[in-house]
Amino acid sequence: MPENKKRTDYISWDEYFMGVAELSGKRSKDPSTQVGCCIVSADNKILSMGYNGFPMGCSDDEFPWNKEHSEEDPYNAKYLYVTHSELNAILNYRGGSLEGSKLYVTLFPCSECAKAIIQAGIKTIIYADDKYSATPGVRASKRMLNAAGVRYYQYEATGRVVKIQV
């Protein structure tokens, strides 16, 4: 009689949901930064996803993707128009409350997204990268998240490679 053993090399919840966030980021048309987000319930069900891009109805062929000269000419740079992945995921959710959920994101949230995360009742953030940690926006974000009791920690990559055949 063959042994009845389950597989032991399956991916963890964090690997799974960060993978979904990474894959969501691949939908972004931003030439310099692709950020993805996945919001998950306390019992590990995917509630919503998002990526950075322009709002619905704002053509990504007509609005600017560049970021150069954003201080001299902010109207012709992407920053005034792009919706971040976290806000898109929150706005894309069509269920009830996000209270107590977890948010997986490939880049640590800015202060504007932190406000939305706090207001939505999201309690945990798992992020892949914090390359803007020294900026005022991310420092303000962490200050608000700490004050609101939102837990956050950096995803620890296992180095495992998962190939998706398309």
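Modeller: A salt bridge is a side-chain nitrogen of Lys or Arg within 4 Å of a carboxyl oxygen of Asp or Glu. The model discussed here is predicted. With that definition, Lys123 and Glu99 qualify, since their side chains meet with N and O 3.8 Å apart. Lys123 sits in the loop between α3 (111-120) and β4 (124-129), and Glu99 in the loop between α2 and β3 (102-107), so this pair ties together parts that are 24 residues apart in sequence. Lys123 is partly exposed, at a relative accessible area of 34%, while Glu99 counts as exposed at 53%. The general principle is that side chains of opposite charge can pair when their charged atoms come close.

How many salt bridges does a search of the whole structure find? The search finds 7. One of them joins Lys78 to Asp30, with the closest N and O atoms 2.7 Å apart. Lys78 belongs to the loop between β2 (46-51) and α2 (85-92), and Asp30 to the loop between α1 (13-25) and β1 (36-40); the pair therefore ties together parts that are 48 residues apart in sequence. Are these two residues buried or exposed? Both Lys78 and Asp30 are buried.

Another salt bridge links Asp9 and Arg7, whose closest N and O atoms are 2.7 Å apart. Asp9 is partly exposed, at 47% relative accessibility. Arg7 has a relative accessible area of 54% and counts as exposed, because the cut-off for that term is over 50%.

Which strands pair with β1? β2 is one partner, antiparallel to β1 over 5 bridges; Val40 has Ile46 of β2 as its bridge partner. The hairpin of β1 and β2 has 5 residues between the strands, and Asn44 in this hairpin takes a positive phi near 65°. β3 also runs antiparallel to β1, and 4 bridges join the two. Within β3, Val105 is the bridge partner of Cys37.

Technical notes:
Residues are numbered from 1 along each chain as its sequence is written. This is a predicted model: local features need pLDDT of at least 70, side-chain atom pairs count only at pLDDT 80 or more; totals for chains, interfaces and linings use all residues. Side-chain values use heavy atoms; hydrogens and water are left out. Buried means under 20% relative accessible area, exposed over 50%, partly exposed in between (1.4 Å probe, protein chains only). Two strands pair if DSSP finds at least two bridges between them.
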